[in-house]
Amino acid sequence: MSTDCLFREDSYLRECSATVLGRTDAGGVVLDRTVFYAASGGQPGDRGMLRTAAGDLIPIASANYTDPEKTEISHLPAAGVPLQIGETLHAAIDWDLRYARMRMHTALHLLSAVLPYPVTGGAVGDSHGRLDFDIPEAGLDKDEITRRLAEMIAAGAEVRSRWITDAELEASPGLVKTMSVKPPMGTGRVRLIEIVGYDLQPCGGTHVRSTNEIGDVRVTQIEKKGRQNRRVRIGWG
Ligand SMILES: [Zn+2]
């Protein structure tokens, strides 16, 4: 079974119709297509609702990939539900939550542009986000980083994506900033996210179209995580 991941082409899609392909052992619902982002790369899976043709509502607590190649998505219902294979449904995400994560995720790309060091980890929340950097020196200034983020956000830079082949990515290792989260490879192509003028990296997450959609963010904390690691947290301003 494989799921057509509609959010990869358009992260602003909030709903779609879909057909039930099967159920997982954990009770998850596998659909032929979906707008639900599946947990990956530090961004949590979407919450939302499935609605059957009869009008029954099925709350979905999260969405996850069932395979390492990331071709199939399981939608985990908050409670057990009877669904037939081949049944058609309407799938809708919790848009406010997703949009907050899109804004935060895009802000983290900007943070990685302000601090151009290797990234060893990260997480996207709806009110906070963080990146861990491989930096030997301390001396990072919260207010200065916040100021530079604000400049990039106010610039309204376009965020755009394009696909390249695995071979093209391998020929450009400098594109990969994140050492712990490998870009999604193995399907023959990788999606590059460009924030025009600021950042270019492979990423499978969901982003806003322009940096001015991010709104106010500020650096809330810089933590030392080991001799050569700094954890930088951001939150809404
Ligand atoms: Zn991203």
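## A residue in helix H1

Ala-107 sits in helix H1; helices here are DSSP runs of H or I with at least four residues, strands are runs of E with at least two, and both are numbered from the N terminus. This is a predicted model, in which local features need pLDDT of at least 70 and side-chain atom pairs count only at pLDDT 80 or more, while totals for chains, interfaces and linings use all residues. Residues are numbered from 1 along each chain as its sequence is written, and side-chain values use heavy atoms, with hydrogens and water left out.

Leaving out residues up to four places away in sequence, Ala-107 touches Leu-149, Ile-214, Val-217 and Ile-234, where a contact means heavy atoms within 4.5 Å. Pro-68 is 39 residues from Ala-107 in sequence, and their C-alpha atoms are 27 Å apart in space.

Ala-113 is also placed in helix H1. Its relative accessibility is 17%, so Ala-113 counts as buried.

## The chain as a whole

Stepping back, the chain has three helices and 15 strands. Its C-alpha trace spans about 60 × 40 × 35 Å along the principal axes.

Of the 237 residues, 47% are buried. The accessible surface comes to about 11100 Å², and carbon and sulfur atoms account for 49% of that surface (areas come from the Shrake-Rupley method with a 1.4 Å probe, and for residues only the protein chains shown count as cover). Taking contacts between residues at least 6 apart in sequence, 65% join residues at least 24 apart.

Charges are next. The chain carries 28 positive and 31 negative side chains, and the centres of the two sets lie 5 Å apart. Lys and Arg count as positive and Asp and Glu as negative, while His and the chain ends are not counted; each charge is placed at NZ of Lys, CZ of Arg, CG of Asp or CD of Glu.

## Aromatic pairs

How many aromatic pairs does the structure hold? The structure holds four. Rings of Phe, Tyr and Trp (its six-membered ring) pair if their centres lie within 6.5 Å; planes under 30 degrees apart count as stacked, over 60 as edge-to-face and the rest as tilted. One of the pairs is Phe-7 with Tyr-37, which is edge-to-face at 5.3 Å centre to centre and 70° between the planes. Phe-7 lies in the loop between strand S1 (4-5) and strand S2 (15-23), and Tyr-37 in the loop between strand S4 (33-34) and strand S5 (48-52), so this pair ties together parts that are 30 residues apart in sequence. Phe-7 and Tyr-37 are both buried.

The ring centres of Tyr-12 and Trp-95 are 6.0 Å apart and their planes stand at 45°, so this pair is tilted. Tyr-12 is in the loop between S1 and S2 and Trp-95 is in helix H1 (residues 95-114), so that the pair links distant parts of the chain, 83 residues apart. Tyr-12 and Trp-95 are buried too. Ring pairs also bring Tyr-99 into a cluster with Tyr-12 and Trp-95.

Ser-62 touches Gly-45, Asp-46, Ser-74, His-75 and Leu-76, not counting residues up to four places away in sequence. Its C-alpha atom is 8.8 Å from that of Tyr-37, a residue 25 positions away along the chain.

Pro-59 has 42% relative accessibility and counts as partly exposed. Beyond its neighbours within four places in sequence, Pro-59 is in contact with Gly-48, Met-49, Leu-76, Pro-77 and Ala-78. The C-alpha atoms of Pro-59 and Gly-48 are 6.0 Å apart, and the two residues are 11 apart along the chain.

Lys-70 is found in the loop between strand S6 (57-65) and strand S7 (73-77). Although Lys-70 is not a glycine, it has a positive phi of about 60°. At 25% relative accessibility, Lys-70 is partly exposed.

Notes. Buried < 20%, exposed > 50% of the residue type's maximum accessible area, 1.4 Å probe, protein only.
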